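Please keep the sequence and the structure in view while reading.

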Amino acid sequence: MKATNDYFRDKVMIITGASSGIGLACARLFASRGALLVLASRNIGKLNQIAEEVTDDPSRILCVKTDVSVEEDCRNMIDAAVRKFGRIDVLVNNAGISMRAPFADVDLKVIKRLMDVNFWGTVYCTKYALPWLVASKGSVVGVISTAGYAGLPGRTGYATSKFAIRGFLETLRMEHQDDGLHVMVFA
C-alpha cells in the first residue's frame with residue numbers, strides 16, 4: 001500500500017513529549033498532513049505556542065499538560081483526547097529523558113526517574129489508549145533510539161529504559177497480532 005499525503009488527514013494522533021525535539025517535529029509534520037492532534041508535555045505554555053504555529057483551526061488540536069511519569073496524568077490526557085475527538089488512531093510515545101554518567105557514579109534516583117518517564121510513561125499512556133486503539137485498528141509507536149538495541153557506555157539507565165520499552169512493545173505486538181493493532185518501535 002502506497003502512503004499518500006492524505007493518509008494522516010483527520011486521524012486522531014496523540015504525541016507525548018510534543019514540546020521539543022522529535023515530538024515537536026512530529027507535531028509539525030502531522031499537522032501539515034491534516035491530522036487531528038493531541039499534544040502532551042509538562043510545558044503547557046510551549047504546547048499552546050506550538051498549537052498556534054501549526055494550525056489556524058483550534059478545533060483540530062488539543063494541548064494537555066501531562067507528566068507521563070504520573071499515571072493519573074496519562075489517564076486524564078487519554079480521557080481528554082476521547083472527549084474532544086471521540087477516538088484515538090495513533091499514540092506516539094515519545095516523551096523521554098536521558099542521562100550520561102558511568103554507572104559507578106550515578107545516583108540510583110536518576111535511573112528510577114528515567115524508568116518512570118521513559119518506560120512507565122509509555123506503559124501508562126498505552127494502557128489507557130489501548131481500548132481506543134484496538135477499536136480503530138490504530139497504531140502504538142514507541143520512540144527508543146539505538147540505545148534500545150545496544151548498551152552504550154555512560155548510558156546505563158537510558159539504555160535500560162529503552163530496552164524495557166522495546167520488550168514491552170514487542171510483547172504487545174504479539175498479544176494483538178490478530179486484532180488489527182499496529183505496534184511500531186522507532187529507533
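The model shown here is predicted.

**Helix packing**

Two packed helices are described by the angle between their axes and the distance between the axes. The table gives these values for two pairs.

| Helix pair | Angle between axes | Distance between axes |
|---|---|---|
| H3 (residues 71-85) and H4 (residues 108-136) | about 30° | 9 Å |
| H4 and H5 (residues 156-175) | roughly 20° | within 7 Å |

At about 30°, H3 and H4 fall under the cut-off of 35 degrees, and they are therefore roughly parallel to each other. Their crossing is right-handed. On the H3 side, the residues that meet H4 are Glu71, Cys74, Arg75, Met77, Ile78 and Val82. On the H4 side they are Gly121, Tyr124, Cys125, Tyr128, Ala129 and Trp132. The residues of this contact divide into nine nonpolar, one polar and two charged.

H4 also packs against H5, with an angle of roughly 20° between the axes. That makes H4 roughly parallel to H5. The crossing of H4 and H5 is right-handed. H4 meets H5 through Ile111, Leu114, Met115, Asn118, Phe119, Thr122, Val123, Thr126 and Leu130. Their counterparts in H5 include Thr156, Tyr158, Lys162, Ile165, Phe168 and Leu172. The residues in the contact of H4 with H5 comprise 11 nonpolar, seven polar and one charged.

**A residue in strand E1**

Thr16 lies in strand E1, which covers residues 12-16. Is Thr16 buried or exposed? Its relative accessible area is 2%, so Thr16 is buried. Beyond its neighbours within four places in sequence, Thr16 is in contact with Ala40, Val68, Met77, Val92, Asn93, Asn94, Ala95 and Cys125. Two of these contacts also belong to the helix packing above: Met77 is in H3 and Cys125 is in H4.

**Strands E5 and E6**

Strand E5 (residues 139-143) pairs with E6 in the parallel sense, over five bridges. One of the links between these strands joins Val140 to its bridge partner in E6, Val183.

In a regular strand the side chains alternate between the two faces of the sheet.

How values were computed. Residues are numbered from 1 along each chain as its sequence is written. This is a predicted model: local features need pLDDT of at least 70, side-chain atom pairs count only at pLDDT 80 or more; totals for chains, interfaces and linings use all residues. Side-chain values use heavy atoms; hydrogens and water are left out. Axes are lines fitted to C-alpha atoms, for helices over the stretch in contact, and angles run from 0 to 180 degrees between N-to-C directions. Helices (H or I, at least four residues) and strands (E, at least two) are DSSP runs, numbered from the N terminus. Angles under 35 degrees count as roughly parallel, over 145 as roughly antiparallel, 65 to 115 as roughly perpendicular and the rest as oblique. A crossing is left-handed if the near helix is turned anticlockwise from the far one by less than a right angle, and right-handed if clockwise. Contact means heavy atoms within 4.5 Å. Ala, Val, Leu, Ile, Met, Phe, Trp, Tyr, Cys and Pro count as nonpolar, Asp, Glu, Lys and Arg as charged, and the others, Gly among them, as polar. Buried means under 20% relative accessible area, exposed over 50%, partly exposed in between (1.4 Å probe, protein chains only). Two strands pair if DSSP finds at least two bridges between them.
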